[in-house]
Amino acid sequence: MKVYIRKIMKHDITHEVSLTAYVYYEFFDGRDSVSFQINGEGSIYDVTFNNATDLRFGGDFKTMCRLLEVRLGDFLHITHNGNGMYSIRVERANEASASKYYPFFTGTRRHLIATIANGVVSTQYIR
């Protein structure tokens, strides 16, 4: 399963959540907008991509973060389900420390695109 994992930093709590151009084009296919479901269930949220000074999640993205009660140091797991539909879930910072992907988030690194299969993490992008 291909996943984009985003570590939440202080600026993400007070402002829009940023993403890199690589993540935008390689994971979100350069689309103007996509649809999200929290944990793959229930309501559909429309997410746009803003690019005033740098790429940021717009639309309903902050609403989802509030519903997920995202906090500093948490990790957002975003999975592409096909046809512009994505699923998002949060993993708390204290839970993530035991995960196989956690060692990739050293220093100020906050973006990871990887394939995770049978507990093995194959990285495609780290920044």
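**From fold to loops**

The secondary structure of this protein comes to 4 helices and 8 strands, where helices (H or I, at least four residues) and strands (E, at least two) are DSSP runs numbered from the N terminus. This is a predicted model, in which local features need pLDDT of at least 70 and side-chain atom pairs count only at pLDDT 80 or more, while totals for chains, interfaces and linings use all residues. Residues are numbered from 1 along each chain as its sequence is written, and side-chain values use heavy atoms, with hydrogens and water left out.

Read from the N terminus on, the elements follow the order β-α-α-β-β-β-α-β-β-α-β-β. For the overall shape, a compact globule of 127 residues would have a radius of gyration near 14 Å, and the 13 Å of this protein agrees with that; the radius is taken over C-alpha atoms, and the globule rule is 2.2 Å times the number of residues to the power 0.38. The C-alpha atoms fill a box of roughly 30 × 30 × 30 Å, taken along the principal axes.

Turning to the interior, buried residues make up 46% of the 127 residues, where buried means under 20% relative accessible area, exposed over 50%, and partly exposed in between (1.4 Å probe, protein chains only). In soluble globular proteins, nonpolar side chains tend to be buried together. Here the largest nonpolar core has 28 residues, and those with the most contacts inside it are Phe 28, Phe 36, Phe 57, Phe 61 and Ile 78. Such a core is a set of buried Ala, Val, Leu, Ile, Met, Phe, Trp, Tyr and Cys residues joined through side-chain atoms within 4.5 Å. The elements that give two or more residues to this core are helices H2 (21–26) and H3 (61–67) together with strands S2 (33–38), S3 (41–50), S5 (75–82) and S6 (85–91). A second, separate core of 9 residues includes Phe 105, Leu 112, Ala 114 and Val 121.

Finally, consider two loop residues. Asn 39, in the loop between S2 and S3, has a positive phi of about 55 degrees although it is not a glycine, and its 43% relative accessibility makes it partly exposed. Glu 69, in the loop between H3 and S5, has a positive phi near 55 degrees, and at 53% relative accessibility Glu 69 counts as exposed.
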